[in-house]
Amino acid sequence: MHPAPPIQTTESTIITSKLNEILAREVRGLKTQSAVNPILQKQLDDIISKLDKLPHHLSAEEKKEEVQTTQNMKAKRAEDIRKEQEPRINAVKTTRSIEKIMEYLPNMRYHYENVDSKENDQPDGLYCSDCLKEENSDVSSSQKGVVHYDFTKGESFNKAKTLPQEFSNLKKKVISHMETDQHLQNHDMRIRAEEWASRPEFIKRNQQIGRTLARNALKAITENQSQLSYEMECAIDSAKGIDIGQLNHSFNFASSMTTPFYEVLRDEIRQQLNEPLPGTNRLSPVSAILDKYTPYRRTVDIIGANAYVGGKIETLYADGDLVKDHSGKGIGESVSNALDRLYGNEEWKQR
Ligand SMILES: [Zn+2]
């Protein structure tokens, strides 16, 4: 058995656990009602026993113990990393070149002040890729996680000369960074994340969780519910024992899915609108619809089209924008533009 993946406490997991609490209360309330039939009663008992095992149902004493165990595990791993890197750090202490520092400590990389200095290969120091792992971390104005060095002082020194103070300082700063708790923690997180990401069962689990969450987001949209209902769907799934992971449980995830859902739907509709009909082997004729709506003296044109989609005649919404030009030409143009966007091209005009 592999150990469980790292548990990340995020705002969304807090929301989910709050929702689970609400759900647990409601389920308990249901149970006391005498109208519940025996089969439902059994299902409720199962849900309650599952909810009782969720982290927020732990007693204060059990929670303290869990926190203590997690902290002990983290401290143990940090100690292991410290031991593992000790010989390499000792090697850095006696080294006389930047190249060697980077060979012993491969997480240390060249850092540049800006894009120009990167192009001209003029570094201004070294940075730790475990601690600054975002893209373009090698180019930043931030001082955090970067050890600056004046490269005009030299990059390699032979034994006959005394080391310049700047080079000794660089080594000291690099070593003290490697020994900070923050670095040890970041390094630990990176290697564990890499290890997990390469496991097929992790990838499979992630994909399954992604599908479950995306279905809940789609449900919130297709059933015209508030996106907040997404959070309740996730809480219910969790109570049912479905693996929903530890991330993306907030309504923000459902909201972020709206654009991809729209794009998939739009592409599918466009494809069907531009395919010959099975019955006639010809493209569907075009029928545009225009209606006017004037709330508070502002006129909106609602533009749509009747078309064969999925074997049926459907009315499709194309646009609903404020009318800027009320002339016949202006309205004609807005209808034409809206249908161009709906069909994805201007060829509908030839039908
Ligand atoms: Zn670091």
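I began with helix α8 and looked up what covers its buried residues: the cover includes α9 (229-239) and α10 (251-273). Contact here means that the C-beta atoms of two residues, placed from the backbone, lie within 7 Å. Helices (H or I, at least four residues) and strands (E, at least two) are DSSP runs, numbered from the N terminus. I noted that the model is predicted, that local features need pLDDT of at least 70 and side-chain atom pairs pLDDT 80 or more, while totals for chains, interfaces and linings use all residues. I count residues from 1 along each chain as its sequence is written.

**Entry on α8**

Which residues of α8 are buried? I found Leu213, Asn216, Ala217 and Ala220. A residue is buried if 20 or more other C-beta atoms lie within 10 Å of its own, exposed if 12 or fewer, and partly exposed in between, with C-beta atoms placed from the backbone. I then checked the length of α8 (residues 200-222): its 23 residues, at 1.5 Å a residue, should span 33 Å, and the end C-alpha atoms are 32 Å apart, which agrees. The expected span is 1.5 Å times one less than the number of residues. After α8 comes asparagine 224, with a positive phi near 55°.

**Entry on the whole chain**

I listed 11 helices and six strands in the protein chain. Of its 351 residues, 17% are buried. Among contacts with a separation of 6 or more, 53% come from residues 24 or more positions apart.

Two packed helices are described by the angle between their axes and the distance between the axes. Axes are lines fitted to C-alpha atoms, for helices over the stretch in contact, and angles run from 0 to 180 degrees between N-to-C directions. Angles under 35 degrees count as roughly parallel, over 145 as roughly antiparallel, 65 to 115 as roughly perpendicular and the rest as oblique.

I looked at α3 (residues 60-94) with α6 (residues 165-178) and found that their axes come within 10 Å and cross at roughly 170°. The two helices are therefore roughly antiparallel. Gln85, Ile89, Val92 and Lys93 of α3 meet Lys171, Val174, Ile175 and Met178 of α6. I sorted the residues of this contact into five nonpolar, one polar and two charged. Ala, Val, Leu, Ile, Met, Phe, Trp, Tyr, Cys and Pro count as nonpolar, Asp, Glu, Lys and Arg as charged, and the others, Gly among them, as polar.

How do α3 and α7 lie to each other, at what angle? For α7 (residues 181-197) I noted an angle of about 95° to α3, with the axes 9 Å apart. These two are therefore roughly perpendicular. Arg77, Ala78, Ile81 and Arg82 of α3 make this contact with Asp181, Leu184, Gln185, His187 and Asp188 of α7. Here the residues divide into three nonpolar, two polar and four charged.

**Entry on the sheet β1-β2-β3**

Three antiparallel strands form this open sheet, in the order β1-β2-β3. Two strands pair if DSSP finds at least two bridges between them. The edge strands are β1 (108-111) and β3, each pairing on one side only. Neighbouring strands are turned by 30° against each other on average, direction ignored. I found four bridges between β1 and β2 (residues 125-128), and arginine 109 stands opposite tyrosine 127 of β2. Helix α6 packs on the sheet and touches β1, β2 and β3; its direction makes about 170° with that of β3.

In the loop between β3 (146-148) and α6 I looked up threonine 162. Is threonine 162 buried or exposed? It counts as exposed, because it has 8 C-beta neighbours inside 10 Å. Threonine 162 lies 66 residues from arginine 96 in sequence, and the C-alpha atoms are 10.0 Å apart in space.

**Entry on the sheet β4-β5-β6**

The order here is β4-β5-β6, an open antiparallel sheet of three strands. Strands β4 (287-293) and β6 (312-322) stand at the edges with a single partner strand each, so one side of each has no neighbour in the sheet. Neighbouring strands are turned by 25° on average, direction ignored.

I counted seven bridges between β4 and β5, with aspartate 291 opposite isoleucine 302 of β5. The hairpin of β4 and β5 has six residues between the strands, and in it tyrosine 296 takes a positive phi near 50°. Strand β5 (residues 300-309) is joined to β6 by 10 bridges, and valine 309 stands opposite lysine 312 of β6.
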